[in-house]
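The following note sets out points for a colleague reading this model. Please keep the structure open alongside the text.

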Amino acid sequence: MLENLNLLRAFWGLFFIFWTAFNTALVDVVGSEQQIPLSVVKLWASAFGGEIKSIAAKYSGSQLLQKKYKEYEKDVAIEEIDGLQLVKKLAKNMEEMFHKKSEAVRRLVEAAEDAYLKHEFDADLQYEYFNAVLINERDEEGNYLELGKEFILVPNDHFNNLPVNISLSDVQVPTNMYNKDPAIVNGVYWSESLNKVFVDNFDRDPSLIWQYFGSAKGFFRQYPGIKWEPDENGVIAFDCRNRKWYIQAATSPKDVVILVDVSGSMKGLRLTIAKQTVSSILDTLGDDDFFNIIAYNEELHYVEPCLNGTLVQADRANKEHFREHLDKLFAKGIGMLDIALNEAFNMLNEFNHTGQGSICSQAIMLITDGAVDTYDTIFAKYNWPDRKVRIFTYLIGREAAFADNLKWMACANKGFFTQISTLADVQENVMEYLHVLSRPKVIDQEHDVVWTEAYVDSTLPQAQKLADDQGLVLMTTVAMPVFSKQNETRSKGILLGVVGTDVPVKELLKTIPKYKLGIHGYAFAITNNGYILTHPELRPLYEEGKKRRKPNYSSVDLSEVEWEDRDDVLRNAMVNRKTGKFSMEVKKTVDKGKRVLVMTNDYYYTDIKGTPFSLGVALSRGHGKYFFRGNVTVEEGLHDLEHPDVSLADEWSYCNTDLHPEHRQMTQLEAIKRYLTGKEPLLQCDKELIQEVLFDAVVSAPIEAYWTSLALNKSENSDKGVEVAFLGTRTGLSRINLFVGPEQLTNQDFLTAEDKENIFNADHFPLWYRRAAEQIPGSFVYSIPFSTETANKSNVVTASTAIQLLDDRKSPVVAAVGIQMKLEFFQRKFWTASRQCASLDGRCAISCDDESINCYLIDNNGFILVSEDYRQTGNFFGEVEGAVMNKLLTMGSFKRFLVEFNLCSWWHSDLTAKAQRLKQTLEPCDTEYPAFVSERTIKETTGNIACDDCFKSFVIQQIPSSNLFMVVVDNECFCDSVPPITMAPIEIRYILLFAKL
């Protein structure tokens with residue numbers, strides 16, 4: 001017993017020694033961890049939150065406005081938006097607008113064909129026409145140049161104040177063409193009759209802009225007349241026959257295989273001419289066409305080796321990619337044309353049987369310096385007697401020894417032969433094949449209306465001038481072919497040219513009432529190829545990130561902007577012109593791409609009759625699906641619209657001020673007033689929208705007196721920390737009040753046209769409105785505006801809150817109000833709150849002034865509003881405290897999102913234009929643009945981070961009634977081994993797997 005007792009004492013003695021040693025070690029480790037009391041941080045957050053909300057609510061007048069809308073709660077009707085009915089109605093509106101443009105073009109076609117029918121060609125015709133380059137030009141003696149008579153040009157507001165002549169058109173002739181060539185002079189002469197129709201069209205539809213006729217001979221007649229300026233080399237390279245609208249209208253969709261001879265005899269200049277010929281052929285291919293290029297000697301060499309045996313869509317990216325590979329061709333060996341022809345016919349045959357491609361005409365373009373045979377056995381095997389594949393032969397060089405064989409091959413296969421001796425001959429000779437391919441349409445008199453996808457034609461002088469003044473102008477073109485009706489030529493199928501008119505995308509947006517789509521809602525339209533005609537994301541959202549890789553916006557696919565639709569469900573349904581609904585969670589970037597809004601969108605779509613377009617409408621769930629109607633008298637509304645602080649969204653169409661010239665100088669507010677008072681009976685206005693504007697004007701009117709009383713009370717805002725108060729309503733009505741003089745504003749651009757994201761635009765609500773709508777009702781969203789210049793840090797803070805009609809999620813957001821204050825004023829309030837403590841003696845155990853901790857104020861996207869190091873203001877928190885941000889992500893306090901998906905592959909292999917878009921054969925990389933959002937349910941969090949030789953502690957505490965968080969971090973433990981978390985884009989590379997198509 002005693003022995004057992006001694007053993008027990010020994011055990012407890014050893015245990016005590018080990019326990020003491022363990023605790024000593026533990027104390028050493030824990031002792032290196034800075035303990036940050038959560039209760040103190042909570043006190044600071046509460047004090048700051050209460051103070052800043054009090055300021056924001058007081059100066060914005062949010063409680064007054066909420067009360068005023070509540071007073072009208074019983075007098076309004078809330079409706080759930082029927083998305084399908086809405087999209088059908090909008091599609092009908094667009095159909096009517098498109099029809100008006102088509103009819104204008106149709107009248108031009110009829111006039112042109114009648115004029116040519118009456119004209120007799122005169123090889124000796126002398127005719128002085130207005131040459132767009134030479135007009136108003138004088139020689140050294142002051143006399144007008146030949147073809148350069150006086151041409152009156154007057155700035156016109158409808159044409160963006162460009163100097164134009166609205167009575168006459170003028171004519172542009174490419175520099176490489178003789179402007180007195182008999183074919184051109186005769187064409188210019190008979191097409192003069194279009195002037196009368198141009199003017200008549202403009203009188204009928206004053207919303208029309210540029211109208212034109214592109215001749216098959218190469219000249220371009222444009223109305224209104226405008227001066228063209230050559231480039232620095234004195235050259236105008238513009239050729240209307242290379243424009244998409246011309247190519248699409250002149251020919252049917254086609255599958256083309258280009259065969260290029262690279263045998264030894266093609267060395268030197270011949271190969272250079274051959275490459276230029278291929279490049280010119282590519283210029284004539286459009287998005288409905290499919291192609292491939294094969295170089296041949298004794299072997300076949302696909303210009304893009306990854307694409308043997310198939311064709312790719314002739315969109316801009318694919319053509320540019322193939323052009324780059326042309327430079328790699330070199331001449332050697334013997335030309336075995338029979339192998340190349342067999343390969344081309346087999347490829348076209350297999351491609352056609354799959355039901356892919358253009359499913360229309362097919363052609364082989366042969367570019368060579370000669371052929372030793374006619375290869376009739378190959379044609380008999382593949383192409384006779386139907387001759388479904390046309391053969392176009394281009395003889396390179398001055399020698400004509402083998403011309404007969406090439407002529408025979410072309411004529412025996414319904415094609416065309418031409419000889420190209422110099423680089424200067426390339427352009428005009430390539431164009432000849434278009435006339436041949438257009439013959440079936442001409443003979444059948446198929447006047448198909450063609451619409452292009454959205455693009456920026458920067459080659460036209462008006463586009464260049466507008467780009468200098470306003471940035472790029474997106475447009476679409478409606479075009480129709482013009483045929484010869486002369487009996488003696490009708491059987492030959494002669495294409496005279498193409499007429500067209502441009503329709504700016506902003507014109508399409510006028511048919512879409514933004515107020516019916518809600519705060520985050522939008523409408524968009526695509527072509528039958530899936531390319532975008534109009535979409536809010538089809539614009540330069542921000543320069544800094546340069547995320548839009550297509551500067552001309554040509555051929556931007558819907559899948560590039562609605563990238564969350566990974567399976568192309570929405571895209572394919574719209575391409576196939578179906579009517580229906582589709583839903584998905586989306587992540588929309590705002591604020592120059594640095595923030596993300598996560599929501600669920602319901603998409604409704606249908607086709608636009610009489611066009612190749614389909615229209616879609618996206619409505620965000622929750623408040624975005626509801627609309628309400630208020631009712632006040634016209635007298636009440638007009639009275640409150642007279643207030644000087646009221647303005648309306650310039651880009652919204654309350655009244656159509658484009659129809660009559662005398663209305664074009666009116667603002668929308670002036671137009672509404674004149675319409676309601678009966679002073680302008682010809683004005684066409686949206687009665688429903690105007691009724692809601694009147695309601696919002698009446699309900700929001702008292703806030704003007706409220707703001708005025710605050711401004712007049714000198715004891716209020718004595719340090720002028722709050723500079724601006726503002727409100728916006730769902731009808732685009734805005735009110736602004738300055739608490740300081742205009743010259744004293746820290747941010748001079750705020751709420752002006754210079755700050756596009758913070759005003760009502762045709763396709764979006766202001767940023768402060770959109771962000772406030774996603775906050776918990778009654779809370780404010782705070783942010784520092786991002787500057788596009790990294791060196792120019794913002795010195796203001798914007799705060800805004802949403803006003804809801806009801807207290808549930810189904811309530812529409814009727815308005816948003818806010819203030820903008822000085823950053824220094826805002827930060828001072830934070831530091832004052834962070835010095836408070838609950839101890840009775842007033843001595844604080846910890847303070848943000850302590851060297852041992854760092855205090856930050858960050859927003860729900862992780863951006864710093866307050867830091868002890870002022871230079872960190874506006875930076876992403878993860879760049880400053882990488883270890884802490886990494887821990888917050890691990891704990892789920894913040895989430896990381898992929899906010900934009902960009903294909904950086906350099907060509908597309910879409911194998912069908914009008915059905916489903918097949919996955920790309922090559923997809924070298926995706927680009928992730930990360931964004932971060934806080935988890936709403938987390939109010940406070942503490943954490944410890946194991947670093948190299950210490951533990952780093954931190955506390956994050958939500959600021960009440962806001963989107964802000966106070967973060968207090970231990971400054972005595974350094975985690976240098978943890979890299980910073982940045983918002984830099986991440987390129988993801990894939991292993992490429994190729995399959996035989």
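How many residues lie between β31 and β32 in their hairpin, and which residue in the turn has a positive phi? The points below take up this question and then turn to other parts of the model, which is a predicted one.

1. The hairpin. Four residues separate β31 from β32, and the residue with a positive phi, about 85 degrees, is Gly 862 in the turn. Strand β32 covers residues 864–867 and pairs with β31 in the antiparallel sense through three bridges. Within this pairing, Ile 864 of β32 is found opposite Ile 858.

2. The surroundings of β31. Strand β31 also pairs with β37 (residues 964–970), again in the antiparallel sense, here over seven bridges. Val 969 of β37 is opposite Asn 854. Strand β31 spans residues 853–859 and is mostly covered, with seven of its seven residues buried. Ile 853, Cys 855, Leu 857 and Asp 859 point to one side, Asn 854, Tyr 856 and Ile 858 to the other, and all of them are buried.

3. An open sheet with β23 and β28 at its edges. The strand order in this six-stranded sheet is β23-β27-β26-β30-β29-β28, and the pairing is antiparallel. Because β23 (646–648) and β28 (781–783) each have a single partner strand, one side of each has no neighbour in the sheet. From one strand to the next, the twist averages 20 degrees.

4. Strands β29 (residues 796–804) and β30 (residues 813–822) run antiparallel and are joined by nine bridges. Ala 815 in β30 is the bridge partner of Ile 803. Helix α3 (residues 62–71) lies across β26 (722–729), β29 and β30, and runs at about 15 degrees to β29. Helix α21 (residues 702–712) also packs on the sheet, where it touches β26 and β27 (733–738), and its direction makes about 10 degrees with that of β27.

5. A further open sheet. Six strands, in the order β4-β6-β5-β16-β15-β14, form an open sheet with antiparallel pairing. The edge positions belong to β4 and β14 (450–451); each has a single partner strand, so one side of each lacks a neighbour in the sheet. Helix α4 packs on this sheet and touches β5, β14, β15 (475–483) and β16, with its direction at about 30 degrees to that of β15. Strands β4 and β6 run antiparallel and are joined by three bridges. Asp 170 is placed opposite Gln 222 in β6.

6. Helix α5. Seven of the ten residues of α5 (residues 182–191) are buried, and the helix is mostly covered. The buried residues are Ile 184, Val 185, Asn 186, Gly 187, Val 188, Trp 190 and Ser 191. They pack against the helices α4 (83–118) and α6 (194–204), and against the strands β4 (170–172), β5 (211–215), β6 (220–223) and β16 (495–504).

7. A nonpolar surface patch. Which residues form the nonpolar patch on the surface? They are Ile 334, Met 336 and Ile 339, which together have about 260 Å² of accessible area. Ile 334 is located in the loop between α9 (316–326) and α10 (337–353). Ile 334 counts as exposed because its relative accessibility is 60%, and the cut-off for exposed is over 50%.

Definitions and conventions
Residues numbered from 1 in each chain as written. Predicted model: local features only at pLDDT ≥ 70, side-chain atom pairs only at ≥ 80, totals over all residues. Heavy atoms only, no water. Patch = residues over 30% accessible without salt bridge, like charges linked within 9 Å, V, L, I, M, F, W, Y side chains within 5 Å. Areas by Shrake-Rupley, 256 points an atom, 1.4 Å probe, with all protein chains shown as cover. Salt bridge = Lys/Arg side-chain N within 4 Å of Asp/Glu carboxyl O. Helix = DSSP H or I, 4+ residues; strand = E, 2+ residues; numbered from the N terminus. Buried < 20%, exposed > 50% of the residue type's maximum accessible area, 1.4 Å probe, protein only. Pairing = 2+ DSSP bridges. Axes fitted to C-alpha atoms, helices over the stretch in contact; angles between N-to-C directions. Contact = heavy atoms within 4.5 Å.
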